[in-house]
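Work through the exercises below with the sequence and the 3D structure at hand. Try each task before reading its solution.

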Amino acid sequence: MLQKSSLNRQICESDRDTLRKYFEISGILFIVLNRLGEVVSFNQELVDLLKMDASDIRGKNWFDNFVPERERSFVKDIFSKLLKGEIVPQQTVNVENAIINSSGEERIILWNNAIIDDRDNKNIYGTISSGMDITDKVRLREEQSLIIDILRLLNRSDSKIDIIKEILRLIKSHGGFEAVGIRLKEEVDYPYYDTLGFSQEFVMKEDKLCVDRDFNYEHDKCNECLCGLVISGQSKNLESSLFTKRGTFWTNNINDISSTDKEKINKLVYFRNTCFDEGYKSIALIPITIAGDIIGLLQLNDHRPYMFRNGIIKFYENVVESIGIALYRINIEEKIIQAKNKVEKTNGELEEFAYKASHDLREPLRTITSYVEMLQDSMNCSTDQQKYYFNKILDATSLLDQFIDDLLSYARIGSLTKIEDVDLAEICDMVVKNHDSLLKEKNGSVIYLNLPIIKNTKVLMLQLFQNLISNSLKYSDDGRKAVVQISAEDEHDFWHIKIEDNGIGISEKDYGMIFQMFKRITPNRYKGTGMGLAICKKIVESFGGKIWFTSELGKGTTFHLTLLKNGGQE
Ligand code: ADP
């Protein structure tokens, strides 16, 4: 019997020894706390992570000394619930919390907890926990979701300020930084475009890069803080471990900056030190670039040291590339809107001018016409020469009237923006009706089948088809019956419309003049103002389409035009 109990004791002792060895080689953190939360036992893994002597850990209150303040109450709450038996230990398997080491660096640990009690579960003496350092995994998870969210932003059509606010919010929440900001190279001294988490005083102090230019006159140093060094691109050429190849400045602790590095920086900028004076330890200033040009910088600040590592900085250097693309897109959109507004303003002014001009010109023109007619009646013209002169004057006044009408039509195109369903067959019906007498005179016909209904503006389509069909009839060949054929082909987002005639055709030497304002090729033989095709071009292009022609002299001409099916609404 005696022999057996000593054997059992030996096994027990060897069990304990095996267990202790397992604790040391498992690669997992182990820690035993008593009911007061004081550290009773732990393994070397924990000593290494905390970067402390074992004697500085043993007996210390775990929560007050090794858990960051912001997470303390949450972790203490779980501990006290465990001691009260309110949580079945298995439920606590996934408790994730940060611990802080002697350098002030935070690591995220996934803990498994169990209570230590007596055999019949009556007295709970403390807890035993095993933990895994999952900091890198958590960061990777955060980085992946941040990049997905930022990429989503690339497709949003919000304003620049809204996009930048969202970028800052995402970086702050995913990266866990206390304060973030974006400067853009837009105004003098590149102030912050927006910040999140910095105090108002800090932003006011740091907003301008050069607070006191005169102060630096001796050294001709304009940018007074490190932001200036990064945003101006000077940091790219500085050979110092504080800067990456892309010119990013980063530090985990002011104390890490050597005096040699400080000297190098001081040669270029006046080291303002506001960030450090405010107690920020981790600081990163990452240049935002578009195709290699720096357009701004992203700033990440935290009072906690060791927020960064090479991998994190590289990750944010990639993130700012997406930010650069987003800002580039917004800039282009803003420019397009500005140009559009300018065009709209000019169009408005032109329309106003054309309206006034036509109104003011029409009055004297009407007076001339009526007096010429009265003069003609009162003179009772009998000679052919007199009749010829009067007809010439009246023809000229009617042409001038037509000029005024055409100018007004041209000017009005941009302001007619009503998009509606337009049945092109109906439009052609109307044009044919309007040209009844000309068709009879030319013994002509207009043929159209299967024309589509498109989104457009009815009055403009009427004007477009009116001008093109009337030209086809006007420039018909006297020797044959005029035939105009209109067809439409489906070309993805567009309709390709063809207006084909068998008229006189256009000589190659005149191709360049056809769409120009007031340019006429055979002014004496055919009446016109030379505005018809210029109006057509403006109408088609205002809907995002194109107009061109193919022609064979003596055989006929085909005018081609493309019209967006949706009228260019999107
Ligand atoms: P207008 O007909 O008042 O001269 P347009 O701008 O409509 O002005 O046309 C410009 C010129 O293009 C015309 O003077 C004419 O020489 C030529 N043109 C237009 N349409 C045709 C056509 N279908 N066939 C031959 N020539 C044409």
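The model is predicted, so local features need pLDDT of at least 70 and side-chain atom pairs count only at pLDDT 80 or more, while totals for chains, interfaces and linings use all residues. Residues are numbered from 1 along each chain as its sequence is written, and side-chain values use heavy atoms, with hydrogens and water left out.

**Exercise 1.** Classify the ring pair of Phe 549 and Phe 559.

Solution. Rings of Phe, Tyr and Trp (its six-membered ring) pair if their centres lie within 6.5 Å; planes under 30 degrees apart are stacked, over 60 edge-to-face, and the rest tilted. The count is 21 aromatic pairs. For Phe 549 and Phe 559 the centres are 5.6 Å apart and the planes stand at 45 degrees, so this pair is tilted. Phe 549 belongs to strand β16 (residues 547-552) and Phe 559 to strand β17 (residues 556-564), 10 residues apart. Strands are DSSP runs of E, at least two residues, numbered from the N terminus.

**Exercise 2.** Find the lysines over the faces of Tyr 410 and Trp 495.

Solution. The test asks for NZ of Lys or CZ of Arg within 6 Å of the ring centre and within 35 degrees of the ring normal. Over Tyr 410 lies Lys 538, 4.4 Å from the ring centre. Over Trp 495 lies Lys 565, at 5.0 Å.

**Exercise 3.** Is Thr 558 buried or exposed?

Solution. Buried means under 20% relative accessible area, exposed over 50%, partly exposed in between (1.4 Å probe, protein chains only). Thr 558, in strand β17, has 11%, so Thr 558 is buried.

Note on methods:
Helices (H or I, at least four residues) and strands (E, at least two) are DSSP runs, numbered from the N terminus.
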